[in-house]
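I opened this notebook to record what I looked up in one structure, step by step. The entries start with the overall fold and move on to individual residues.

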Amino acid sequence: TPVDLAAIVRTTIAQLQDSEEARPKDIIALPGDAAVPVLGDEAQLAQLVHNIISNALKYGRAGTPVTVELIPEEGRVRLSVSDEGDGIAPDHLPRLTERFYRVDEARSRSVGGTGLGLAIVKHIAERHRGQLDIASEPGKGTRVSVVFPLAA
Ligand code: ATP
Ligand code: MG
């Protein structure tokens, strides 16, 4: 069944905006009111969106924005979440979706988490024929995107 990815993103942002993690930053929510129909499971897609945005909030620098966009592409839609945090060194990128993998255990421990968030994101993306891409510039920030086919 088609679900509205834009509505899922708006709901998830509203939840996270009130959370402890979000306090020092702004979430810039760009998805408008237009429905973005994607085939899949609403709860799973909400989990995917939540895990990606919560990382941007955790690992972004205090006082810098987290930007969430839904960008239309030919027959597809790109969910894009950008932060202005410390970023991730290139050698770590291929391993981020492994279960329990955390870049810097000592530093990551202080922000909390188990290292499962992105493994779950990858799993849910695959079940929805979504393509996950993580791009990062150390010292500048990180952009995580998932491209989903649009429901006809
Ligand atoms: P959990 O999601 O289970 O609470 P977690 O956030 O540590 O814990 P993942 O979401 O799987 O686990 O992320 C794995 C690791 O990737 C993180 O520990 C962190 O080191 C790195 N990481 C993820 N997102 C970002 C980001 N936006 N900026 C910098 N590092 C990131
Ligand atoms: Mg996480």
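The entries below follow the order in which I consulted the structure.

**Entry 1. Overall fold.** I noted at the outset that this is a predicted model. I then listed the secondary structure and found four helices and seven strands in the chain. Read from the N terminus, the elements run β-α-β-β-α-β-β-α-α-β-β. The radius of gyration of the chain is 15 Å, close to the 15 Å from the globule rule for 152 residues, so the chain is as compact as a globular protein of that length. Along the principal axes, the C-alpha atoms fill a box of roughly 45 × 30 × 25 Å.

**Entry 2. Burial and contacts.** I looked up the share of buried residues, which is 34% of the 152 residues in the chain. I next took the contacts with a separation of 6 or more, and found that residues 24 or more positions apart account for 71% of them.

**Entry 3. The nonpolar core.** Which residues have the most contacts inside the largest nonpolar core? I found L5, L48, V49, I52 and I53, in a core of 32 residues. Elements that each supply at least two residues of this core include helix 1 (5-17), helix 2 (42-59) and helix 4 (117-127). Strand 4 (66-73), strand 5 (76-83), strand 6 (131-137) and strand 7 (141-149) also each supply at least two. Helix 2 gives the largest share of the core, eight residues. I then followed L48 and, leaving aside residues up to four places away in sequence, found that L48 touches V121, I124, A125 and V146.

**Entry 4. H50.** Is H50 buried or exposed? H50 has 20 C-beta neighbours inside 10 Å and therefore counts as buried, the cut-off for buried being 20 or more. Apart from residues up to four places away in sequence, H50 touches T12 and L16. I also checked H50 against I27: the two are 23 residues apart in sequence, and their C-alpha atoms are 13 Å apart in space.

Entry 5. I counted 20 residues around ligand 1, of which Y59, R102, V103, G113 and G117 come nearest. Helix 2 and helix 4 are the elements that give two or more residues to this shell. The largest share of the shell, four residues, comes from helix 2. By type, I recorded nine nonpolar, nine polar and two charged residues in the shell around ligand 1.

**Entry 6. Strand pairing.** I traced strand 7 to its partners. Strand 5 pairs with strand 7 in the antiparallel sense over eight bridges, and R76 stands opposite P149 in strand 7. Strand 6 and strand 7 also run antiparallel, joined by seven bridges. D133 has S145 in strand 7 as its bridge partner. Strand 6 and strand 7 form a hairpin with three residues between them. In the turn of this hairpin, G139 has a positive phi of about 85°.

**Entry 7. R95.** Where is R95 found? I located R95 in the loop between strand 5 and helix 3 (105-111). R95 has 12 C-beta neighbours inside 10 Å and so counts as exposed, the cut-off for exposed being 12 or fewer. Finally, I compared R95 with I13: they are 82 residues apart along the chain, and 27 Å separates their C-alpha atoms.

How values were computed:
Residues numbered from 1 in each chain as written. Chains lettered and ligands numbered in written order. Predicted model: local features only at pLDDT ≥ 70, side-chain atom pairs only at ≥ 80, totals over all residues. Rg over C-alpha atoms; globule rule 2.2 N^0.38 Å. Contact = placed C-beta atoms within 7 Å. Core = buried A, V, L, I, M, F, W, Y, C linked by C-beta atoms within 7 Å. Near = placed C-beta within 6 Å. Nonpolar A, V, L, I, M, F, W, Y, C, P; charged D, E, K, R; others polar. Pairing = 2+ DSSP bridges.
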